[in-house]
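Hi,

Here is the structure I promised to pass on. Have a look at it first, and then read my notes below.

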Amino acid sequence: MQTQLSHKQKLKVRTVFISDIHLGFRGCSAELLLNFLHNVECEYLYLVGDIIDVWEMKKRMYWPQEHNNVVRTLLGKAKHNTKVIFVPGNHDEILRDYDGAVFGNVQIHNEIIHTTADKRKLLIIHGDQFDSVVKISPMLAKIGSRLYEFLLRANRWVNYFRRKMGFTYWSLAAFLKHKVKNAVQYISNFEEAVAHEAAKQGVDGVVCGHIHRAEITRIQNIDYYNCGDWVESCTALVEHSNGQMEIIPWAELFNEQVLIAKAA
């Protein structure tokens with residue numbers, strides 16, 4: 001299934017999974033995320049970690065109105081017929097101390113099992129537990145995040161000139177990740193480790209984030225799903241009413257919506 005929307009349609013699904021929003025970080029695509037949230041209706045909404053970038057906010061305070069609007073929109077959905085579950089990641093790990101708590105109708109769980117419409121059990125975790133860099137050396141991970149921040153700044157300039165020339169959004173960081181051999185091997189190792197944990201827990205699949213790479217695949221008889229992120233690719237994972245899962249590349253759909261609206 002490949003979702004297509006006109007500029008007047010809303011996306012109606014059973015479940016939405018989003019991760020790695022990084023509110024409080026300059027690279028967060030808050031406006032694009034708000035556009036997605038305003039155009040989607042769901043019964044369940046899972047926030048799969050790194051929603052708030054506490055790491056970044058400790059270095060410098062950055063919290064524009066758009067980031068407030070994201071929080072208000074999420075709380076609004078939690079108040080009106082959407083079950084919102086927050087699974088903290090490593091960038092907002094301070095919230096892991098509140099496992100089982102409820103704030104503003106938002107449930108916090110360090111991990112949780114989601115049952116799909118077709119009765120499959122999916123383990124929901126952020127995934128940093130299986131990132132060897134983060135586990136072995138938090139300091140090295142933070143150095144890596146500085147390099148990543150530089151790439152995202154460069155990415156904004158690249159896309160500024162692409163827009164001027166009439167081209168659509170493109171992620172420099174994602175391109176480099178997929179081209180560099182060590183990065184590709186890291187992603188593969190991460191996916192296998194997460195799938196192995198899901199198999200240990202006796203579930204049918206796993207939903208995670210953390211590595212900023214949206215993916216649907218099958219590993220060791222486990223359905224592996226990664227939500228992607230809202231700093232590079234701007235993707236969400238959704239479950240349709242029949243249990244089928246799909247990655248929604250919102251940046252691409254948004255560009256299509258703009259073109260359709262202009263042509264109408």
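This is a predicted model: local features need pLDDT of at least 70, side-chain atom pairs count only at pLDDT 80 or more; totals for chains, interfaces and linings use all residues.

If you want to find the spot, look for L123, which stands opposite V206 in β10.

Both strands belong to an open sheet of 5 strands, in the order β8-β9-β10-β12-β11, with mixed pairing. At its edges are β8 (112-115) and β11 (215-219); each has a single partner strand, so one side of each has no neighbour in the sheet. On average, neighbouring strands here are turned by 25 degrees against each other, direction ignored.

There is also an open sheet of 7 strands, ordered β6-β7-β5-β4-β2-β13-β14, again with mixed pairing. Its edge strands are β6 (102-103) and β14 (245-249), each pairing on one side only. Inside the order you'll find β2 (residues 15-18) parallel to β4 (residues 44-47), with 4 bridges between them; I18 has L47 as its bridge partner.

Now the charges. The count comes to 10 salt bridges. E56 takes part in one with K59, at 3.1 Å between the closest N and O atoms, and in one with R60, at 2.4 Å. E56 and K59 sit 3 residues apart in helix α2 (residues 54-59), so about one helical turn separates them. E56 is buried at 6% relative accessible area, while K59 is partly exposed at 34%.

R96 and D128 also form a salt bridge, at 2.6 Å, and this pair links distant parts of the chain, 32 residues apart. Finally, D118, R120, R218 and D223 are linked in a salt-bridge network.

Cheers

Terms used:
Residues are numbered from 1 along each chain as its sequence is written. Side-chain values use heavy atoms; hydrogens and water are left out. Two strands pair if DSSP finds at least two bridges between them. Helices (H or I, at least four residues) and strands (E, at least two) are DSSP runs, numbered from the N terminus. Axes are lines fitted to C-alpha atoms, for helices over the stretch in contact, and angles run from 0 to 180 degrees between N-to-C directions. A salt bridge is a side-chain nitrogen of Lys or Arg within 4 Å of a carboxyl oxygen of Asp or Glu. Buried means under 20% relative accessible area, exposed over 50%, partly exposed in between (1.4 Å probe, protein chains only).
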